[in-house]
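Biologist: I'm new to this one and would like a walk through it. Could you put it up and start with the terms you'll be using?

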Amino acid sequence: MVRSDQNAPVPRLPARALRFAPRTLGCPPHLSRTLAGELLLEMPPAAAARCPLLRRAPAALRGALSRPGMARRLVAASAGGGGRAPAYGGLLLDAGGTLLQVARPVAETYASIGRRYGVTKPKKGIMEGFKRAFSAPWPKTLRYQGDGRPFWRIVVAEATNCTDDDYFEEVYQHYAHGDAWRLPAGADTTMRELKDAGVKLAVVSNFDTRLRKLLKDLNVSDMFDAIVVSSEVGYEKPAPEIFNIALDQIGVEASKAVHVGDDETADKAGANAIGLECWLWGDDVKTFSEIRDRILTTDNSQ
């Protein structure tokens, strides 16, 4: 049981009512629920209950707003996830392999497109060649320079034994569109909940210049307070500079943030080297709901 400013018992609002508040007030979904709630706090309870914007609201929300102190309770519960406060001020996310997953296996895509260009290599061989080329030492400072074509041209050729320029370009353009990728289950919801709770979000990725468009195509670009791409900043993970750039942009210290990525060296070792905690995707955390639950802890003070 939670008490209002008047110390009267106040029942906990249903989650549906809390989620409805920012949408009812016309706030974009990526904005904090606290912002929507502040508008409610400016209205007397009776006026809030009669507000035309709230006519579509669930009955629980309309009734709650007519009671003294309930608007403030609504804001507090909605902003904090119903009593859950963030244990970290910032979340940094790796892109490829973590936030961005391929919509279908790489070998399947390479083989499917390659049929028109005479590619006959079995999918198993394509994947072995892909991994071999992708993990090989790169002679230049950055793998992804600009659009990353020099690096990816080598990867595609090694994977498929096909050096046809038209084939490479078709593969490259395929992965330049959002429909070639997908978000992990629950990623969108988790990021919105964390953002609503005040957690700063950033992408920190070794990627080429296609990344920003991909994030827009998947409708998550606007959720991030910073998007730091190696091909743009001139540093690749595990270099400390790329992590520090992200932390500076979101205004959170390394000790108060956590990074999630899928590479033991680039992500975990790189983050840990600057005092930034890292959870390995697929090992320490396997779903975005796990990320949410580890960041949003129970606040016993409410």
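Modeller: One term first: a residue is called buried under 20% relative accessible area, exposed over 50%, and partly exposed in between, with a 1.4 Å probe and protein chains only. This is a predicted model, in which local features need pLDDT of at least 70 and side-chain atom pairs count only at pLDDT 80 or more, while totals for chains, interfaces and linings use all residues. Residues are numbered from 1 along each chain as its sequence is written, and side-chain values use heavy atoms, with hydrogens and water left out.

Biologist: Fine. How many salt bridges are there?

Modeller: A search of the whole structure finds 16 of them, where a salt bridge is a side-chain nitrogen of Lys or Arg within 4 Å of a carboxyl oxygen of Asp or Glu.

Biologist: Which residue does Glu 170 pair with?

Modeller: Glu 170 forms a salt bridge with Arg 116, and the closest N and O atoms are 2.0 Å apart. The pair links distant parts of the chain, since Glu 170 sits in helix α9 (residues 165-174) and Arg 116 in the loop between α6 (106-114) and α7 (123-135), 54 residues apart.

Biologist: What about Arg 292?

Modeller: Arg 292 forms a salt bridge with Asp 293, with the closest N and O atoms 3.1 Å apart. Arg 292 is buried at 19% relative accessible area, while Asp 293 is partly exposed at 38%. Elsewhere, salt bridges that share partners join Asp 94, Lys 237 and Asp 267 into one network.

Biologist: Let's switch to the strands. What does β9 pair with?

Modeller: Strand β9 (residues 257-261) runs parallel to strand β10 (residues 277-280), and four bridges join them; strands count as paired if DSSP finds at least two bridges between them. Strand β4 (residues 90-93) also pairs with β9 in the parallel sense, over four bridges.

Biologist: Why would you call β9 enclosed?

Modeller: Because five of the five residues of β9 are buried, the strand is largely enclosed by the rest of the structure. Both of its faces are covered, with Ala 257, His 259 and Gly 261 buried on one side and Val 258 and Val 260 buried on the other.

Biologist: Where does α14 come in?

Modeller: Helix α14 (residues 264-272) makes a right-handed β-α-β unit with β9 and β10, right-handed meaning that, with the strands pointing away from the viewer, the path from the first strand over the helix to the second runs clockwise. In α14, Ala 266, Asp 267, Gly 270 and Ala 271 are buried. These residues cover an arc of only 95 degrees around the axis, which puts them on the same side of α14; the arc is that of the directions from the helix axis to the C-beta atoms. The buried residues of α14 pack against α13 (240-250), β9 and β10, contact here meaning heavy atoms within 4.5 Å.

Biologist: How many disulfides are there?

Modeller: The structure holds zero disulfides, a disulfide being a pair of cysteine sulfur atoms within 2.5 Å. Cys 278 is buried at 4% relative accessible area, and Cys 162 is buried at 11%.

Biologist: Last topic, the backbone: which residues does the cis peptide bond join?

Modeller: It joins Lys 237 and Pro 238, with omega about 20 degrees, and Pro 238 is found in the loop between α12 (230-233) and α13.

Conventions
Helix = DSSP H or I, 4+ residues; strand = E, 2+ residues; numbered from the N terminus.
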